Amino acid sequence: MKNRSRKRPKIPALIDKINGLDPISRNNLAKSCGTTIGNLRQIAYGYSGVSPRLASQIIKNCGCTVTLEQLIPDLAT
């Protein structure tokens, strides 16, 4: 069996924010962060890492309580 990369923790505030928006607002949020809604969902559900630049854009544009430590858990260790 292959060693799969470890899944990151989910970010409930980001999940709630994304799911609470209509499709146009979701796309606008992703665009303002410099990514796609698919990538934001992967980040929110713990399936994708995030660069420091993208993390700062998510924090700035999300309008919800998301921390750098949630987005980049390796910084907390």
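Trainee: Where does arginine 53 sit?

Mentor: Arginine 53 belongs to helix 4, residues 52-62. Helices here are DSSP runs of H or I with at least four residues, strands are E runs of at least two, and both are numbered from the N terminus. Bear in mind that this is a predicted model, where local features need pLDDT of at least 70, side-chain atom pairs count only at pLDDT 80 or more, and totals for chains, interfaces and linings use all residues. Residues are numbered from 1 along each chain as its sequence is written, and side-chain values use heavy atoms, leaving out hydrogens and water.

Trainee: OK, which residues is arginine 53 in contact with, leaving aside neighbours within four places in sequence?

Mentor: Those would be Cys33 and Gly34, with contact meaning heavy atoms within 4.5 Å. Glycine 34 is 19 residues away along the chain, and its C-alpha lies 9.5 Å from that of arginine 53.

Trainee: Switching topic: how do the axes of helix 2 and helix 3 cross?

Mentor: At roughly 80°, with the axes of helix 2 (residues 23-33) and helix 3 (residues 37-44) coming within 8 Å. That's why the two helices count as roughly perpendicular (the range for that is 65 to 115 degrees; under 35 is roughly parallel, over 145 roughly antiparallel, the rest oblique).

Trainee: And which residues make that contact?

Mentor: Helix 2 brings Arg26, Asn27, Leu29 and Ala30, while helix 3 brings Ile37, Leu40 and Arg41. Sorted by class, that gives 4 nonpolar, 1 polar and 2 charged residues.

Trainee: Last one. How many disulfides does the structure hold?

Mentor: There's 1, taking a disulfide as a pair of cysteine sulfur atoms within 2.5 Å. The bond links cysteine 62 with cysteine 64, S to S 2.2 Å.

Trainee: Right-handed or left-handed?

Mentor: Right-handed, because the torsion about the S-S bond of cysteine 62 and cysteine 64 is about 70°.

Notes: Axes fitted to C-alpha atoms, helices over the stretch in contact; angles between N-to-C directions. Nonpolar A, V, L, I, M, F, W, Y, C, P; charged D, E, K, R; others polar.
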